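Subject: Structure for you to look at

Hello,

Here is the structure I said I would pass on. Please open it first and then read the notes below.

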Amino acid sequence: MDTNINSNVFHSKINLLNLSPKKIQSLLISIGAKNFTSNQIMKWIYNHNCYDFNKMLNISKNIRRKLHHISCISISNFSEEKISSDGTIKWITSLNNQKIETVYIPEKKRSTLCISSQIGCALKCDFCATGKQGFNRNLTASEIISQILQAKKKLKDKKLTNIVFMGMGEPLLNLNNVVTALKIILDKNGFGISKRRITLSTSGIIPAIDKLSQKIDINLAISLHASNNDIRSLIMPINKKYNIEALLRSVSRYLKNSNANRNGVTIEYVMLQNINDSIKNAEELAYILKKIPSKINLIPWNSFKNSNFISSTINRINIFANILRKKGFSTTIRKNRGKDINAACGQLTGNIINRIKKHL
């Protein structure tokens, strides 16, 4: 790249929030900056919430001038906030007449931010409100990262300990932008969050799981939700393309090279009355997972408008959990948080102009 910057070279400015740490470094070197300048820029953005090049006083005026000509730091802002009686907060971001949702879940020993990776979701899982909304597009890396930047700004002095890609969308159908965001989250000059405190939840896009293992190491959560293919295909159409056996083989491949998942992959299992919650289902689940190092998270189903499902009773969930525990599986029952503001698992809807027919 020519170091003499002019408007003819760049048709539009580069948003630095869309660049991984290495790409920011490459951009800066191309305009004559020193190797360490990229670290300084990242600290200004991600540690000090500074988005004005003129205020980055430890960067030379010449480099700041060039950055101003070719780049920007453009953030997607929260437009609405809803606070639950249990302390959960849901933030809404408006993106060209559409909305995505981000959820903050405070607990005694940690606080978790649940972020979205797509506007809607194309997978059409029957038990999920997001899937019923349809799909419009992938979020850019900057739109993913903006959720964290804005949350940190809102939270002020409160520490954010965990990030989970469990909001709207299937993260692995937006692999490149999600990986860029993950690299920023992990980088010591970015958000500096440990890979063991970052979890990506996927419904099982096998080629993308294999690619992910070559790109980055983070906690993996598998949205399994069924103990056999018949049930899973009924409630999760993706199973017709990537069935349970193939999915678990891909998980095994990922675990071989993962340090983040040293305690096993998380298996997410929504509890649906008279569909996947019988004693037989619990025994089947234990059987198919016997060779997969895993911890199981049972999720009481959260209702949404125009759905015919019913959540399993707490007694039935406890029986299911105890069967798994007796077979040696670490099993937890997820607490419902933010139900009164539709912020619980499976309830995120936003506002989506559906383009799913054009994309599938």
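The mean positions of the 55 positive and 21 negative charges of the chain lie 5 Å apart. Please keep in mind that this is a predicted model.

Overall picture

The chain is built from 12 helices and 14 strands. Its C-alpha trace spans about 70 × 45 × 40 Å along the principal axes. A compact globule of 360 residues would have a radius of gyration near 21 Å, and the chain has 21 Å, so the two agree. Of these 360 residues, 55% count as buried. Among contacts with a separation of 6 or more, 69% are between residues 24 or more positions apart. The accessible surface is about 17200 Å², and carbon and sulfur atoms hold 47% of that.

The three cysteines in the record

An unreviewed UniProt entry lists Cys121, Cys125 and Cys128 under "binding site". Where is cysteine 125 found? Cysteine 125 is in the loop between β7 (118-120) and α4 (129-133), and cysteine 128 is in the loop between β7 and α4 as well. The relative accessible area of cysteine 125 is 7%, and buried means under 20%, so this residue counts as buried. Cysteine 128 has 18% relative accessibility, which is also under 20%, so cysteine 128 counts as buried.

Leaving out residues up to four places away in sequence, cysteine 125 touches Ser203, Ile235, Met236 and Pro237. With neighbours within four places left aside, cysteine 128 is in contact with Phe304 and Gly346.

The other binding-site residues

UniProt, again in an unreviewed entry, also places "binding site" at Gly169, Glu170, Ser201, Ser223, Leu224, His225 and Asn302.

Glutamate 170 sits in the loop between β9 (162-165) and α6 (175-186). Is glutamate 170 buried or exposed? Glutamate 170 is buried, because its relative accessible area is 2%. Its contacts, apart from residues up to four places away in sequence, include Cys121 and Ser201.

Asparagine 302 is in the loop between β13 (294-300) and α11 (314-326). Asparagine 302 counts as buried because its relative accessibility is 2%.

A buried glutamine in a helix

Glutamine 147 belongs to helix α5, residues 141-155. Its relative accessibility is 1%, so glutamine 147 counts as buried. Outside the four places on either side in sequence, glutamine 147 touches Phe78, Ile100, Glu101, Thr102, Leu113, Ile115, Ser116 and Leu139.

Two asparagines with positive phi

Asparagine 96 is not a glycine, yet its phi is positive, at about 50°. Asparagine 96 lies in the loop between β4 (89-95) and β5 (98-106). Exposed means over 50% relative accessible area, and asparagine 96 has 66%, so asparagine 96 is exposed.

Asparagine 274 has a positive phi near 65° and is likewise a residue other than glycine. Asparagine 274 is in the loop between β12 (265-271) and α10 (279-288). With a relative accessible area of 60%, asparagine 274 is exposed.

Regards

Key. Residues numbered from 1 in each chain as written. Predicted model: local features only at pLDDT ≥ 70, side-chain atom pairs only at ≥ 80, totals over all residues. Heavy atoms only, no water. Helix = DSSP H or I, 4+ residues; strand = E, 2+ residues; numbered from the N terminus. Rg over C-alpha atoms; globule rule 2.2 N^0.38 Å. Buried < 20%, exposed > 50% of the residue type's maximum accessible area, 1.4 Å probe, protein only. Contact = heavy atoms within 4.5 Å. Areas by Shrake-Rupley, 256 points an atom, 1.4 Å probe, with all protein chains shown as cover. Lys, Arg positive; Asp, Glu negative; His and termini not counted. Charge placed at Lys NZ, Arg CZ, Asp CG, Glu CD. UniProt positions renumbered as here; feature names shortened; annotations may be inferred.
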